[in-house]
Amino acid sequence: MSADFDDRAVSDWCLEHLGCPVAEHTFTAGNLSVVYGLRLADGREVVLKIRDDDARLVACTWVQRRMWQVGFPCPEPLTGPLPLGRKVAGAETLLPGGEAPEPADSPRLFAGLLADFVTCAEGFGPQPLLRPAPAWVHWYHQEDGVWPVPDDRDVDLNAERCSATAWVDELGAAVRERLEEVRDAACVIGHGDWDGRNVKFRDGRPLAVHDWDSVVHEPEVVIVGQAAAMFEGGPTGAGASVERTEAFLEEYQIARGRALSDNELQLCWAAGLWVRAFNAKKFHLDDFDALGRDEAETRVRQAGI
């Protein structure tokens, strides 16, 4: 376990909040959070997620619980977020397994499940604590410069200036200007990190949606656009191809039961391009090219920029 949390501290937390101590630590995972798989003394298998405190987390857990109650495929939240040392922790049931769908089916399955998510959450009401969104969706930030503060590294992307990424800076500024149209638009609840790490299938059917810390309350075109650009992304930030993005947007409209206007589709492309540009700027620090100029130019045209 993390050096900040010994076995006793975690077990005591589980005893206090779940009514049972830990019998076995089964796995450790996580990126922005530390995630522990635990088997409790009464045989229950749970996942404990430890992270920095954030006002968003209460709303995220509330949405997850409501979604679980209406039968959406996700782990049942058991408790949290509650203090654990200098962090906060939450527990949920373990839903193991899952597989990537067949490539030909991926746009339909990912888009259809996101449409189900948005539809299920329509009656929940506004969730202002979910704003601002995580950095990669936070195009409307108030920082000086194009880029928000990344959530996974201590760096000022606006101070990282070089000839190799000057065009990415210009691209990010243009995308932000295009998205100004939805700054005050009506918002819906959705998921801001919609890819195969967090969305699991089994035998071509939805199994579970994870990472509920990435729940967002944003305009629908922003939620759909970032998902369409990134549903095949993974940790590299490269995302889905232009063709697969088009397929996702088509399938989403079918699943949602309504056609998006030409302008709404452009805004979807702009929202996806924001994530791709943000990743390109950030991952350049790791010497990784997350967005080629040719693809960027195609996405710029699709976004009406």
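**View A. Ser33 occupies the loop between strands E1 and E2.** The model is a predicted one, in which local features need pLDDT of at least 70 and side-chain atom pairs count only at pLDDT 80 or more, while totals for chains, interfaces and linings use all residues. Residues are numbered from 1 along each chain as its sequence is written, and side-chain values use heavy atoms, with hydrogens and water left out. Helices (DSSP runs of H or I, at least four residues) and strands (DSSP runs of E, at least two) are numbered from the N terminus. Ser33 has a relative accessible area of 10% and is therefore buried (buried is under 20% relative accessible area, exposed over 50%, and partly exposed in between, for a 1.4 Å probe and protein chains only). Leaving out residues up to four places away in sequence, Ser33 touches Lys49, Ile50, Arg51 and Asp213, where contact means heavy atoms within 4.5 Å. The C-alpha atoms of Ser33 and Asp213 lie 9.5 Å apart, although 180 residues separate the two in sequence.

**View B. Five strands make up an open antiparallel sheet, in the order E1-E2-E3-E5-E4.** Strand E1 (22-29) and E4 form the edges, each pairing on one side only; two strands pair if DSSP finds at least two bridges between them. From one strand to the next, the twist averages 25 degrees. E4 and strand E5 (residues 87-93) run antiparallel and are joined by 5 bridges. In one of these, Leu82 has Ala89 of E5 as its bridge partner. Helix H1 (residues 7-18) lies across E1, strand E2 (34-40), strand E3 (45-51), E4 and E5, at about 125 degrees to E4. Helix H2 lies across E3, E4 and E5, at about 165 degrees to E4. Axes are lines fitted to C-alpha atoms, for helices over the stretch in contact, and angles run from 0 to 180 degrees between N-to-C directions.

**View C. Cys74 is placed in the loop that joins helix H2 (56-69) to strand E4 (77-84).** Its relative accessibility is 5%, so Cys74 counts as buried. Beyond its neighbours within four places in sequence, Cys74 is in contact with Gln64, Met67, Trp68, Leu95, Val209 and Trp212. His210 is 136 residues from Cys74 in sequence, yet the C-alpha atoms of the two are 6.6 Å apart.

**View D. Strands E6 (residues 188-191) and E9 run antiparallel and are joined by 4 bridges.** Val216 of E9 is the bridge partner of Gly190. Along strand E9 (residues 215-218), Val215 and His217 point one way and Val216 and Glu218 the other, and all are buried. Gln127 lies in the loop between helix H3 (106-121) and helix H4 (166-179). With a relative accessible area of 13%, Gln127 is buried. Residues up to four places away in sequence aside, Gln127 touches Ala59, Trp62, Val63, Ile189 and His217.

**View E. Helices H5 (residues 220-230) and H6 (residues 242-256) cross at roughly 135 degrees, with their axes coming within 8 Å.** Two packed helices are described by the angle between their axes and the distance between the axes. H5 and H6 are therefore oblique to each other (angles under 35 degrees count as roughly parallel, over 145 as roughly antiparallel, 65 to 115 as roughly perpendicular and the rest as oblique). The crossing of H5 with H6 is right-handed; a crossing is left-handed if the near helix is turned anticlockwise from the far one by less than a right angle, and right-handed if clockwise. From H5, Glu220, Val224, Ala227, Ala228 and Ala229 meet Thr245, Phe248, Leu249, Tyr252 and Arg256 of H6. The residues of this contact between H5 and H6 comprise 7 nonpolar, 1 polar and 2 charged (Ala, Val, Leu, Ile, Met, Phe, Trp, Tyr, Cys and Pro count as nonpolar, Asp, Glu, Lys and Arg as charged, and the others, Gly among them, as polar).

**View F. H5 also crosses H7, at roughly 55 degrees and with the axes coming within 7 Å.** H5 and H7 are therefore oblique to each other, and their crossing is right-handed. H5 contributes Val221, Val222, Val224, Gly225, Gln226, Ala229 and Met230 to the contact, and H7 contributes Glu264, Leu267, Cys268, Ala271, Gly272, Val275, Arg276 and Asn279. By class, the residues of the contact of H5 with H7 divide into 9 nonpolar, 4 polar and 2 charged.

**View G. Helix H7 (residues 262-283) packs with helix H8 (residues 293-302) at about 150 degrees, their axes being 8 Å apart.** This angle makes H7 roughly antiparallel to H8. Gln266, Trp269, Leu273 and Arg276 of H7 make the contact with Glu295, Ala296, Arg299, Val300 and Gln302 of H8. The contact of H7 with H8 has 4 nonpolar, 2 polar and 3 charged residues.
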